Amino acid sequence: MVVESILQGVKVVELAAWTFVPSAGAVLADWGADVIKVEHPETGDPQRALISSGVVAGAGGVNHFIEQPNRGKRSIGLDVANPQGREILYKLIEQADVFSTNLLPDSQRRLGIDVESIRARNPKIIFARGHGYGPKGPQAERGGFDLAAYWARGGIGDALAAEDGSYPSPQRPAFGDLFGGFAIASGIVGALFKRERTGVPSIVDVSLLATAIWQLAPDIVGAGVTGQNIPKFDLAEMPNPVANIYRTQDNRFLALVLLQADRFWSDLCERIERVDMVEDERFADAKVRFVNRKECIAELRRTFESKPLAHWVQRLESFEGVWDVFQSALELHDDPQVELNGYLPKTTDANGNTFALAANPVQFDEQSPPLRCAPGHGEHTDEILQELGLDWDRIVELKVDSAVL
């Protein structure tokens, strides 16, 4: 079975910008859906301007903020505020299985693309909405990027902040958007299955706030059960010294995750040439290592900091306990495990630039999806309009009236 056949024949109309909802469309396109990205004829997706404005760095004209969440789609330049453009959108809706958007509820109503208006043209369509804070409550009409609704409001930033009162770390770009977008794609697939079985379409709602709560569930549920925030980790006194992070001589880091500590303790100590710690009564088993955790961690830190990372990688190569190296984003491109599993497949754009994109994390039948680059702004306008049955005279009229690109 070819990966592209998973959603072959499914048509998605996406009226969304930035990364949150568009990344859902990228996943659906990976799985074979025909995803039509609707963009304003003049401005397009605002992320198209990030490189030209100097906000993000690019190379060879590759805008990775467009490529990652928009690969595999077709783009139509369409002004839905123009009655003629809106009618074209409705014609697309009539042929679609899914409509997805991140426009605010007020904009949806004003433009005539809310659930009632869209379902009036296609009663069977699945309507997927991306929110900052959810479809109900006092902030249902409020916009939200992931730094606000996910990182700040959802508790992620606080959970990862230091306790010394210093500024919390900023999130990485689109950190919550990509997780939230995958949740939207999963919801859409579930709704497609339900409609296939029952004939009943669904409204799919995903918010950045909800995705943060899901991702931070152990902390949040635990806080509710205990009535207090779950204590933050202090690497200098972790309850289990061999479930911890250690710095090496060359300022690299590795993680030990020996949850069955006693099972691996002796072998670990031999590999790091600290057999004396096995014989030390302070570290004899997990119970006493907990009591003497500060001393145990201090000893392990001194040991790991005495040699460079390459030394420890060699010493731990055949170790049966779980451990790994902290890698940078650039190093992942040369990771054989990443390459052999197709986690960073490459694609080539119209300018001949070849680059890697992050595959969505689901594989079918051990295959990485073949990726196509993101479309140019309005690249497929004429093609899509012709598929709707419009002749060239009508297409030219729409262009003259600025209804399409």
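**Exercise 1. Find which residues His131 touches beyond four places in sequence.**

Solution. His131 touches Phe20, Asp205, Val206, Ser207 and Leu208, leaving aside residues up to four places away in sequence. Contact means heavy atoms within 4.5 Å. The model is predicted: local features need pLDDT of at least 70, side-chain atom pairs count only at pLDDT 80 or more, and totals for chains, interfaces and linings use all residues. Residues are numbered from 1 along each chain as its sequence is written, and side-chain values use heavy atoms, with hydrogens and water left out.

Next, take Asp205. Its side chain and that of His131 are joined by a polar contact of 2.7 Å. Such a contact is a pair of N or O atoms within 3.5 Å; within protein, one must be able to donate a hydrogen and the other to accept it, and residues adjacent in sequence count only if both atoms are side-chain atoms.

**Exercise 2. Place His131 in the chain, and decide: buried or exposed?**

Solution. Start with the element: His131 is found in strand S5 (residues 126–131). Helices (H or I, at least four residues) and strands (E, at least two) are DSSP runs, numbered from the N terminus. Then check accessibility. His131 has a relative accessible area of 10%, so it is buried. Buried means under 20% relative accessible area, exposed over 50%, partly exposed in between (1.4 Å probe, protein chains only).

**Exercise 3. Describe the largest nonpolar core.**

Solution. A nonpolar core is a set of buried Ala, Val, Leu, Ile, Met, Phe, Trp, Tyr and Cys residues joined through side-chain atoms within 4.5 Å. The largest has 32 residues; Leu7, Val12, Leu28, Ala33, Ile184, Ile188 and Leu192 touch the most other members. Elements giving two or more residues to this core are H1, S5, helix H6 (146–152), H8, strand S6 (203–207) and helix H9 (208–215). H1 gives the most, with six residues. A second, separate core holds 28 residues, including Ile36, Ile88, Leu89 and Ile384.

Now zoom in on Leu7. Not counting residues up to four places away in sequence, Leu7 touches Leu28, Trp31, Gly32, Ala33, Val189 and Leu192.

**Exercise 4. Summarise the whole chain: how many helices and strands?**

Solution. The protein chain has 19 helices and eleven strands. Its C-alpha trace spans about 85 × 50 × 45 Å along the principal axes. Of its 405 residues, 45% are buried. Among contacts with a separation of 6 or more, 68% come from residues 24 or more positions apart.
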